[in-house]
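Here is a brisk report on selected strands and helices. Please keep the structure open while reading.

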Amino acid sequence: VNAHEHLHVNAVPPLRSGAPFPNSYAWIAAFQAHFADPAVAAALRVPKARRLRHGALKNLLAGVTCVAHHDPWHAALDALDFPVALLRDYGWSYAPGWPAYGPPMQESFAATPADRPWLIHLAEGTDATAQAELDQLDQLGCLAANSVLVHGVGLRERDIERVIAAGAAVVWCPSSNHSLLGRTLDPRRLCAAGRLALGSDSRLSGARDLLDEMRGVLARGELDAMPLLELATTAAARILRLPARGSLAPGARADLLIVEDRGGTAESLVGLRRSELRAVVRDGVPRIADPDFAAWFAAARVDAVPVTLDGKPKLLAAPLADPALLALEPGLELVAGRNERARDAIVEAGGYR
């Protein structure tokens, strides 16, 4: 479960800046001139429906089967063949300092049932502006058990204790924080209290995908493998009020990953790259898998096409293999007629032709 994403901007070139920003609002202001960059303009000319599907496909390739998309809803998200499941029936605002985008804070919070999550970017910065936002939220009556605060870099120790006492939670996007702000929050207290989930933000500021996000956390020593895995599974499902997701249990959605056993649950998954996943399964059906799973695709009556993912042969469910969509994703290529021998090798490896 990816607890925070902006699905439609994953092909937009990021802003290059050598100095950390004091807060996200300063980054947004700096980005305005970046819109004139021809590569940015070209990326944004791609229809939004396709960009949303691309963000979903990016997540699926990394083993994510459910995403919390933090932006206005779009009709494309309701497509029956959308690559991932989405958090639905939730409330949201964008950020206290950016009221022109998204629903107003108090109105949105009041309209959100107490048993559904309410999401907002909060304290995304290291300065006094970011540090003041939790007080502001609380004064408006918007800090409660269903409040899900995204980023929280500016939260001080006493603020974190207030979040925990309220039963609220934080979504941690460390790669984006390090890139834009030069640091991130210390995740350990929130993690120990069960009030932390993991998000990737988007490639506009964050890691390539949630697997890369997890690998970065391990490399920096910010959390160990098992609690980190929980942030992207059971903890995210609990915080986002998704009881049928995030775990392998009777009655849960049949969403799972198949990986090689490397000595235990967390050790076998955390630290992998997406090409190392043996299969990604959604609703009991393989969506992308190694070629030796070809018989599974056939048994599930899912047409599959040969592709390469970061140079490794895979089979991809045909409904996901729109060439215009794949063209947006670096490292994912159809094995087509221009390379027939490679295509035949992939198909034969799966045991059928």
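Predicted model: local features only at pLDDT ≥ 70, side-chain atom pairs only at ≥ 80, totals over all residues.

Strand β12 covers residues 304-309 and is mostly covered, with five of its six residues buried.

Strand β13, residues 312-317, runs antiparallel to β12, and six bridges join the two. Leu 309 has Lys 312 of β13 as its bridge partner. The two strands β12 and β13 form a hairpin with two residues between them. Asp 310 sits in that turn and has a positive phi of about 50 degrees. Strand β14, residues 332-334, also pairs with β12. Here three bridges join the strands, again antiparallel. Val 307 finds its bridge partner in Leu 334 of β14.

Two bridges join β1 to β2, which spans residues 66-69. Glu 5 has His 69 of β2 as its bridge partner.

Strand β7, residues 169-172, has Ala 169 and Val 171 pointing one way. Val 170 and Trp 172 point the other way. Are these four residues buried or exposed? All are buried.

Strand β6, residues 147-151, runs parallel to β7, and three bridges join them. Val 170 of β7 is the bridge partner of Leu 149. From β6, the chain crosses through helix α7 (residues 157-166) to β7. This β-α-β crossover is right-handed. Strand β8, residues 196-198, is joined to β7 by three bridges and runs parallel to it. Leu 198 in β8 stands opposite Trp 172.

## Helices α8 and α10

Two packed helices are described by the angle between their axes and the distance between the axes. Helix α8 (residues 174-181) packs with helix α10 (residues 210-220) at an angle of about 70 degrees. Their axes are 9 Å apart. Angles of 65 to 115 degrees count as roughly perpendicular, and that makes α8 roughly perpendicular to α10.

Pro 174, Ser 175 and His 178 make the contact from α8. Glu 213, Val 217 and Arg 220 make it from α10. By class, this contact of α8 with α10 has two nonpolar, two polar and two charged residues.

## How α10 is enclosed

Eight of the 11 residues of α10 are buried, so this helix is largely enclosed by the rest of the structure. Among the buried residues are Leu 210, Leu 211, Met 214 and Val 217. Asp 212, Glu 213 and Arg 215 are also among them. The buried residues of α10 pack against strands β1, β7 and β8. They also pack against helices α8, α11 (225-231) and α13 (265-269).

## Val 217 in detail

Val 217 lies in helix α10. What is its relative accessible area? The value is 0%. Buried means under 20%, so Val 217 is buried.

Which residues does Val 217 touch, not counting those up to four places away in sequence? They are Trp 172, Pro 174, Glu 222, Leu 223 and Leu 228. Val 217 and Ala 85 are 132 residues apart along the chain, and their C-alpha atoms are separated by 25 Å.

Key: Residues numbered from 1 in each chain as written. Heavy atoms only, no water. Buried < 20%, exposed > 50% of the residue type's maximum accessible area, 1.4 Å probe, protein only. Pairing = 2+ DSSP bridges. Right-handed = clockwise from strand over helix to strand, strands pointing away. Axes fitted to C-alpha atoms, helices over the stretch in contact; angles between N-to-C directions. Parallel < 35°, antiparallel > 145°, perpendicular 65-115°, else oblique. Contact = heavy atoms within 4.5 Å. Nonpolar A, V, L, I, M, F, W, Y, C, P; charged D, E, K, R; others polar.
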